[in-house]
Every structure is written in structure tokens, then in C-alpha cells.
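Hi,

Here is the structure I promised to pass on.

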Amino acid sequence: KLPSGILSPLKLEGRVIGVMFLGSLKENHFNGHQEEVANLSQILPMAIEKDRLTASVTKRDLEMKSIKQIGSMLASSTFEMEGVLKHTMAMIQALMNVEAGSLLLLEQDKLRSKVSFNAIVDVDILKTFVIKLGQGIAGYSAARGESLVVRNTSESPHFSRDFDSLTKFQTRSALCVPLISQGKVLGVIEVLNKKDGEFNDNDMQLLQSIATSVSIALENARLYRETLSMAEHERGIRNMFQKYVPKEVIDKITGDASERPVLEELKTLTFLNIDIRGFSILSRDIGPKRTVSMLNHFFSIMGEIVFKHHGIVDKYLGDGFLAIFGAPVSGALDADNGIAAAMEMKETIVKINDYFSGEMDVELTMGISIHTGEAVVGNIGFEKKMDYTVIGDSVNVVFRMQDMTKSWPNCILISEITRKEAVYSILDLREIGTYDAGKMMGEMKIYELLGRKSRESQTH
């Protein structure tokens, strides 16, 4: 027991938000201190409110950043929709702090799970579960085309226990928003059991914003598939790209035949420039015949790596080449694919040197630079000589970065923009300085890519 104590209400704008209690082991300790305590009880509510507002702004900033990132991924995705949707749902899980969630698509008046997360239920079970239009919270939302917040499922007339009975999962609360495109319901996104409180209007607005981006991406993917099925695409695109891109990329962008020109367009691309160090001296030492043999083998191996990671070789530059990731087909993984290709190239240079062991007195060393930015891509030239290539300041940046690699044999340098665009990769980087990319782009940091970090190392 405390011999003495004092209580004072904490008020903010005339509203009691709490109580402050001070106790002491001394009797009559607070006699004569009532005014100080009263002053303190007036200051504390303002500090508490400031902390609450700061936390609210920080949370809102994170939500807006996540919405922008999700929108960017979905807008740039065409073929890898399932992978991007999985990443979107994973971001929703972390952002909204919920136990479970599903993206369900409407197929012949039934909702089927496309992507789900649930720590308790086997995902394979979720894929087989079908919801009739109008059934349960998700079915009601899809049938009405309206968002629905259920804070207590036991009190909701729309809640169905079929899912819980099948999976033994206990649904306590739910938030469901429809996916709508051009007035047509495509499906719903549903999240269950918020861990830190109840679902509120802010949660609903956040999920609606994400659902809008998902709806646009799904509709774009559908339209793109329809476009590719048109007969006039295949012959023109195949004839244009068969020397530049791997077969799987051609297959993705072609439909049935009849020639059609590929127009110039401004795109965000990831550029990879690889260059052999000391090539002039090397070629003089080994002679022109062996130089050609060496280059053909080098380009063959490194070019296949580019194709493997969904890139194209834009142009050969004597002792190196420029590769592009994001043309003619853009995707959410363009920067990640460029980085993966560079890392495999770095590992492969050892095998290339082993192949030429005994033929050359020196080992091949190289430099790789990677940068992401906008450039014009398309058919450039004149009627009798056309090249599918790129032009822009970003191309110049990756070439200038190549000069910086000369200080580190077999190193990979990436720009700050590429680091930010690589959303799927966890990279081990070492900052080596800044680079002035001119008035349009300003100064940006340059990093040496040392490798990938394991996800376990990120959590310790």
C-alpha cells in the first residue's frame, strides 16, 4: 500500500482520454504539489496525441508507398500475373496484419480462389473451395458489387460457416471488397481476422485502392491475351525479333500471322552492359583467329544467360554487349532478372577461363554495369537497314558506369534506381560512391553487388 497518492484526469479538447496516478511511500508527499500535477496532466494528453498523430502519419505513408508499389507491379505485369498477385497478397497480409486472405475470381457464377494465404489451412484446400454467388460474405460482396466490413461474424446475417467447417479455421471478423472493371465484377479480395483491433473504414479504403489496381491489371491481362490471339501478329513479330530474343519471349508476344510493324515507345527498362577488360592487349597477344573464337564462345555463353533471364541482347560492342530487360515485353521482375543474369555471368567467367586454359596466358576479366531508366525502344534506322534498339540518357548512364568497373575486376555495379526497382531480390551491396547523371537524373548512388542475402539473415 502507498501512504499517499494523487489522481488527475487526462483531458484533450474537453474529452477524458485517461487518468494519471502518482503514488509515494511518504505520507502527505503531494501536499502543495497539486498545481504541478495539474500542469503535468495538461501536458501529457498533448504528448500522447502528438505521438498518436505521428504514428498515424507514418502508417499512412507506409500504406501509400505500398499502394504505389503494388500499382506499379500490377501495371507493368502482363504474363507473370500469378506471381505478382501472390506478392500483392503477401503485402496485404503484412500491411493489414491479418490471419488469412484470398483473392477469388468469378467463374460462371462461382468464386474460386486464385491466390490465398493462411497460416493454419493448407493452401491446396483453399484452391478447391468454391463459393456460390451470394453465398457467405465473399459471395454477397460479389453479388452486390459492394464492400463489406464484418466486425463480428457471429452477428452477421451474411456469414456462412461452410469454410470454417471444412478447414477448422475460426473466422471472427472479415473485410471483403469487390474487383470491378467496366461495371463488371471480376471477383473479390477478402481478408480475415485482423490481429490488432477491428476492421475500420481506413482498412476498407486501403483494400479498395489495392483492388482497383488489381482489377485494372486483370482486365489489361485479358485484353492483352485477346490481342495476342489476333492472326496478324505472329509473322511480323517473329520476323522482327527472331534474331534478338529467346523463343519463349517470342511465343508470348505472338498470335497468328500477317505482318505488323513494331512502333517506337518510351519504356522503363533495365540495361546491362558487360565488357571484357584489357581486350586490346589480349587480342594482340593471341591473334585475330583465336580472338574471334574466344569472343564467339564468350558471347554464346553470356548471351544464353541473358535469354535465360528473359532479356534480349541489343547490340554487340566489340568486346562486350548491351542487354535489355523489359523489352519488348515488360514485367515486374525486369530489374531482378538483370541482377540475376549479372550474378550468373560472374560465376560463369571461371568456367570460361577453364575452357580457354592453355590457349591464353592470361585470364579473362570483365566488368558489368546495370542501370534502370526510361528510353525509347523500337525500330530505328531507315527502310533498308532497321534495328530494334534503344536510345536515351539511361543508355549513356550504363555505359559511363562501365568505366567505373575498371577498378574492380569481375565486379558488378548497379545504380540506386536499379536497387530500388529490384523488389524481389535481397541484395548484399557495398556503396562505392555517387555519380552525376546530369540535369535530368541528378546525382545517384552506385553500389557494388556482392551477392544475395538469405532471408534468414534479414531477420537477425
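A definition before anything else: I call a residue buried when its relative accessible area is under 20%, exposed when over 50%, and partly exposed in between, using a 1.4 Å probe and protein chains only. By that rule Gly 326 is buried, because its relative accessible area is 1%.

Some housekeeping on where the values come from. This is a predicted model, so local features need pLDDT of at least 70 and side-chain atom pairs count only at pLDDT 80 or more, while totals for chains, interfaces and linings use all residues. Residues are numbered from 1 along each chain as its sequence is written, and side-chain values use heavy atoms, with hydrogens and water left out.

Back to Gly 326 for a moment. This glycine sits in the loop between β11 and α11. Helices (H or I, at least four residues) and strands (E, at least two) are DSSP runs, numbered from the N terminus. Thr 268 is 58 residues away from Gly 326 in sequence, yet the two C-alpha atoms are 7.3 Å apart in space.

Now the sheet. Six strands make an open sheet in the order β5-β4-β3-β8-β7-β6, and the pairing is antiparallel. The edges are β5 (130-132) and β6 (148-150), each of which pairs on one side only. Two strands count as paired if DSSP finds at least two bridges between them. On average, neighbouring strands here are turned by 25 degrees against each other, direction ignored; for angles in general, axes are lines fitted to C-alpha atoms (for helices over the stretch in contact), and the values run from 0 to 180 degrees between N-to-C directions.

10 of its 11 residues are buried, so β8 is largely enclosed by the rest of the structure. With β3 (residues 98-107), β8 (residues 184-194) pairs in the antiparallel sense over seven bridges. Gly 101 has Val 191 as its bridge partner, and Leu 103 has Ile 189. β7 (residues 174-181) is joined to β8 by eight bridges, again antiparallel, and there Leu 175 is partnered with Val 191. The hairpin of β7 and β8 has two residues between the strands, and Gln 182 takes a positive phi near 50 degrees in it.

Next, helix α10 (residues 288-308). Its 21 residues should span 30 Å at 1.5 Å a residue, and the end C-alpha atoms are 30 Å apart, so the two agree; the expected span is 1.5 Å times one less than the number of residues. Buried residues in α10 include Thr 291, Met 294, Leu 295, Phe 298 and Phe 299. Seen down the axis, the buried residues of α10 fall within an arc of 150 degrees, so they line one face of the helix. That arc is taken from the directions from the helix axis to the C-beta atoms. On the other side of α10, Lys 289 and Glu 304 are exposed. His 310 follows the helix, with a positive phi near 65 degrees.

β14 (residues 411-415) has five of its five residues buried. Cys 411, Leu 413 and Ser 415 are on one side, with Ile 412 and Ile 414 on the other. Three bridges join β14 to β16 (residues 443-452), running antiparallel, and Ser 415 stands opposite Ile 446.

Last, the aromatics. Rings of Phe, Tyr and Trp (its six-membered ring) pair if their centres lie within 6.5 Å; planes under 30 degrees apart count as stacked, over 60 as edge-to-face and the rest as tilted. That gives seven aromatic pairs. Phe 163 and Phe 169 are edge-to-face, at 6.3 Å centre to centre and 65 degrees between the planes, and both are buried. Tyr 355 and Phe 356 are also edge-to-face, at 5.1 Å and 90 degrees. Phe 298, Phe 299, Tyr 316 and Phe 321 form one aromatic cluster.

Cheers
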